[in-house]
Amino acid sequence: MQSRLEQLKEFLVESPQDPFLKYALTMEYVKLGEEEQALLGFENLIAEHPDYVGTYYHFGKFLEKAMEKERAIGIYEQGIQIAQAKRNFHALGELKNALLMAEGLLDEDE
């Protein structure tokens, strides 16, 4: 039986420019603790599919976990601009809250 990682890689061979597949593969790397591959995946998504809003929240959280808070804040801010332009209000709210938490202006309990 194939692993999820292997399946996603196979799907990407068939559809190499599918941002959802790239995102799913990147999140699988995060889940497996393969930080280097995850970082490459997030950076690729931002470079090649900047309008894929889902990337920004998870990339920011990934960076925060890696103790790169300033870079995470920049990613949240970038995502906020994209979410506003796309009128994706759900993502916009999540990104604004993540930004406030990263800046220490909001507790997770609030």
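**A close look at H4 and H6**

Guide: Let's start with H4 and helix H6 (residues 89-102), whose axes lie 10 Å apart and pack at an angle of about 15°. With angles under 35 degrees counting as roughly parallel, H4 is therefore roughly parallel to H6. Keep in mind that this is a predicted model. As for handedness, H4 and H6 make a left-handed crossing. On the H4 side, the residues making the contact are Tyr56, Tyr57, Lys61 and Glu64, and H6 brings Glu94, Leu95, Ala98, Met101 and Ala102.

Is Asp51 buried, exposed or partly exposed? Its relative accessibility is 47%, so Asp51 goes down as partly exposed, given that exposed means over 50%. If you skip the neighbours within four places in sequence, Asp51 touches Ile82 and Lys86. For another bearing, take Gly74: from Asp51 you go 23 residues along the sequence, and the C-alpha to C-alpha distance is 16 Å.

Now for another helix pair. Helix H1 (residues 4-14) and helix H2 (residues 19-31) have axes that come within 10 Å and cross at roughly 155°. The cut-off here is over 145 degrees for roughly antiparallel, which means H1 is roughly antiparallel to H2. The crossing of H1 and H2 is left-handed. H1 puts Arg4, Leu5, Leu8, Lys9, Phe11 and Leu12 into the contact, while H2 supplies Leu21, Lys22, Ala24, Leu25, Glu28 and Tyr29. By type, the contact of H1 with H2 has 8 nonpolar, 4 charged and no polar residues.

Zooming out, the protein has 6 helices and 0 strands, and along the sequence the pattern reads α-α-α-α-α-α. The radius of gyration is 14 Å, close to the 13 Å the globule rule gives for 110 residues, so the protein is as compact as a globular protein of that length. The C-alpha trace spans about 45 × 30 × 20 Å along its principal axes. Of the 110 residues, 35% count as buried. And if you take contacts between residues at least 6 apart in sequence, 38% of them join residues at least 24 apart.

Definitions and conventions:
Residues numbered from 1 in each chain as written. Predicted model: local features only at pLDDT ≥ 70, side-chain atom pairs only at ≥ 80, totals over all residues. Heavy atoms only, no water. Axes fitted to C-alpha atoms, helices over the stretch in contact; angles between N-to-C directions. Helix = DSSP H or I, 4+ residues; strand = E, 2+ residues; numbered from the N terminus. Parallel < 35°, antiparallel > 145°, perpendicular 65-115°, else oblique. Left-handed = near helix turned anticlockwise from the far one by under 90°. Contact = heavy atoms within 4.5 Å. Nonpolar A, V, L, I, M, F, W, Y, C, P; charged D, E, K, R; others polar. Buried < 20%, exposed > 50% of the residue type's maximum accessible area, 1.4 Å probe, protein only. Rg over C-alpha atoms; globule rule 2.2 N^0.38 Å.
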